Amino acid sequence: TLQNANVPVNMPTDEKGNPLNLFDISVMGDHLYLTRVQYGLLDELNRKNNMFAHTFIFNGKDDEIFENPNIFLTVTDENFKASENEAANIPETLARREDFTLQRALELCGLDKKSYEKLLNCVYAQIYANKSKKPLYISGVENGEQMRGLLYCIYRGIPYSMRRMLTCATAHMNDSLKKNIIFSDRRGSSDLFLDLRTGEDNVLTTRILSRFSRYEFVDSFPKRWEVLD
């Protein structure tokens with residue numbers, strides 16, 4: 001069911017014109033699904049425009065993976081295969097990068113307290129103040145490492161209830177399973193967006209910011225993260 005949303009009408013490309021290698025985080029029931037979908041492959045008859053999806057599934061029945069998003073965000077791309085034969089060889093342990101800390105993740109993404117607060121406000125607005133349920137396009141993400149760092153900042157700054165519903169991808173595919181966040185510069189003129197390079201957004205209206213200020217908890221973490229555990 002999850003992968004039905006990633007089956008394209010036309011074979012997708014990335015922003016450089018290469019066959020898309022989609023990064024996808026989805027949550028269904030008690031499980032988190034970490035997926036890579038490689039497009040533009042050849043099938044066994046050497047026909048073009050084949051695709052292959054490879055997913056690692058994390059048990060979310062307890063709070064461990066949502067307490068520590070490093071469990072899935074440190075999984076490196078070398079774990080994901082692009083053929084059934086390769087994927088059938090299931091590793092005993094996953095190759096991982098060094099764990100993120102919030103300090104290093106903020107530095108990697110070029111975020112200070114003010115821009116971190118804005119990022120989290122935009123995420124809250126997409127989930128709770130977005131009647132159309134459009135995804136939030138985050139542009140200006142330079143590479144996969146920065147994207148994972150940004151996700152770490154987001155997961156650390158929102159409560160567990162939101163972490164359990166947050167979904168994201170590096171391209172907008174079919175509408176059957178909408179994402180909260182799309183990491184891409186490729187968006188439509190009417191889409192919600194936050195540009196990390198300029199700080200520009202079209203999400204945070206005066207009304208939304210006033211509403212969040214009354215809640216008091218939305219900006220509590222980005223303003224005080226050094227002293228909060």
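Tutor: Happy to! A disulfide is a pair of cysteine sulfur atoms within 2.5 Å. Please keep in mind that this is a predicted model. With that cut-off, a search of the whole structure turns up zero disulfides. Take cysteine 122, which is in no disulfide: the nearest cysteine sulfur belongs to cysteine 153 and is 14 Å away. Cysteine 122 is also buried, with a relative accessible area of 0%. Now turn to cysteine 153. The closest cysteine sulfur to its own is in cysteine 109, at 4.8 Å, so the two are too far apart for a bond. Cysteine 153 is buried as well, and its relative accessible area is 0%.

Next, the helices. Cys153 is one of the H6 residues that meet H5, together with Leu150, Ile154, Arg156 and Gly157. On the H5 side, the partners are Tyr116, Leu119, Leu120, Val123 and Tyr124. The axes of H5 (residues 113-128) and H6 (residues 144-157) come within 10 Å and cross at roughly 70°, so the two helices are roughly perpendicular to each other. Sorted by type, the residues of this contact are eight nonpolar, one polar and one charged.

Let's step back to the wider setting. The largest nonpolar core has 52 residues, and Tyr116 is among those touching the most other members, along with Ile25, Leu32, Phe58, Phe72 and Leu151. Helix H5 supplies the largest share of this core, eight residues. In soluble globular proteins, nonpolar side chains tend to be buried together.

Definitions and conventions. Residues numbered from 1 in each chain as written. Predicted model: local features only at pLDDT ≥ 70, side-chain atom pairs only at ≥ 80, totals over all residues. Heavy atoms only, no water. Core = buried A, V, L, I, M, F, W, Y, C linked by side-chain atoms within 4.5 Å. Buried < 20%, exposed > 50% of the residue type's maximum accessible area, 1.4 Å probe, protein only. Helix = DSSP H or I, 4+ residues; strand = E, 2+ residues; numbered from the N terminus. Axes fitted to C-alpha atoms, helices over the stretch in contact; angles between N-to-C directions. Parallel < 35°, antiparallel > 145°, perpendicular 65-115°, else oblique. Contact = heavy atoms within 4.5 Å. Nonpolar A, V, L, I, M, F, W, Y, C, P; charged D, E, K, R; others polar.
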